Amino acid sequence: MTPYQIENVEALLTPALVIYPEIVDRNIAATLRLLGGDANRWRPHLKTAKLGFIMNRLAQKGVVNAKCSTTVELAAACASGMKDVLLAYAVVGANARRVRQVAEQHPNVRISVLVENVEQIAAWAGSGIGIFVDVNPGMDRTGISQDGTAAILDVVRAAGPQFRGLHYYDGHMAAASLEEREKLAHKGYDRLMEIVAAVDVPIEEVITSGTPAFPCAATYAPFAAGKFVHRASPGTVVYSDATSIKQLPSEWGYQPAALVVSTVVSHPKPNVITCDAGHKSVSADAGVPTCSVAGRADMIPLKPSEEHLPIEVSGGAVPAIGELLYLIPRHVCPTVNNFDDAVIVEHGRASRVEHVTARGHEVPLTLAAHGAAPPTRDNVKH
């Protein structure tokens, strides 16, 4: 028996994404404790939360600043109680026009974007949309190199009154030892503070830190003493997963809150079972094993195919065909994105279904340039 087991599972179609709001609440509370109880210091990345239901739950607890990566997430955040949302992804062309449209549709939400060169600023002229300069801390994914102070200053000045602050995502800080992670992260933050000192206009906000570096930002004293607001942006902590549970100290109290319920469908070998949770259900982007089995450390998931997940049973009873397994994803963010709907489990019972509001992307045929909303999947002619 695990704390995840659901009493009323007779009608549950698997594989199913299940979310436990009571655990979500405890994870939110744990994050706020680490931030001194100040919800204003947290700008969670909503690529994890995905559901308007969960975004609204964050907002009800005072977490109303967020960031996201897609226009679907942006629109969902604006409709779910968020008051200040950063699209933390450099967009151009039709995507930029769609962001401007969302901003027009939600005038009471403060919306900002990332830029990494002067040319990108033109897309936001006259929009009232805020601008954060994307600084590359060595992750080498996006942004201006942290060693390129002159280039950073050029973009800051070109942004003019729309400039809000600096975005510094150090998602590559994932050393196994928290002490080593903190040492490397703080070295990067020292460099970030040098950039802050070089900027000759007021900086409203500095954003850092996904989940692995979050504890490092929480212990970096200059962030609390600056003339700017510092916000950390861990998103995975809302649900947590097998990876983040290992990265963060156990005494902080984080627990997995989003699992995939799967059914055993085969016994291909005496010590191997197969369940219906292949990589179309549990994301495989973090490698193999893609997940762990709640309450069964003796069961080791093997390489999945699209719909099948074989699992080696190294000890203990072999689950019967038809038995349910509760899988803790190794990477929960893309796993949530695999599902259209989530089963909400409260007090041990499946209580209802909530749509995964911000799943995927919008219909790619956009009419935003002509002032109309993108067509829905129902009215696009195939």
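## The surroundings of T71

Which residues does T71 touch, not counting residues up to four places away in sequence? T71 touches L87, N95, R98, V99 and E362, where contact means heavy atoms within 4.5 Å. This is a predicted model, in which local features need pLDDT of at least 70 and side-chain atom pairs count only at pLDDT 80 or more, while totals for chains, interfaces and linings use all residues. Residues are numbered from 1 along each chain as its sequence is written, and side-chain values use heavy atoms, with hydrogens and water left out.

T71 lies in helix α4, and because its relative accessibility is 15%, T71 counts as buried (under 20% relative accessible area, with exposed over 50% and partly exposed in between, for a 1.4 Å probe and protein chains only). The side chain of T71 also makes a polar contact with the side chain of E362, at 2.5 Å; such a contact is a pair of N or O atoms within 3.5 Å, and within protein one must be able to donate a hydrogen and the other to accept it, while residues adjacent in sequence count only if both atoms are side-chain atoms.

## Helices α4 and α5

The axes of α4 (residues 71-78) and α5 (residues 93-105) come within 10 Å and cross at roughly 5°, and α4 and α5 are therefore roughly parallel to each other (angles under 35 degrees count as roughly parallel, over 145 as roughly antiparallel, 65 to 115 as roughly perpendicular and the rest as oblique). The contact is made by T71, L74, A75 and C78 of α4 together with N95, R98, V99 and V102 of α5.

## Buried residues of α5

In α5, the buried residues are A96, R98, V99, Q101, V102 and A103, and what covers them includes α4, β3 (84-87) and β4 (110-115).

Technical notes. Axes are lines fitted to C-alpha atoms, for helices over the stretch in contact, and angles run from 0 to 180 degrees between N-to-C directions. Helices (H or I, at least four residues) and strands (E, at least two) are DSSP runs, numbered from the N terminus.
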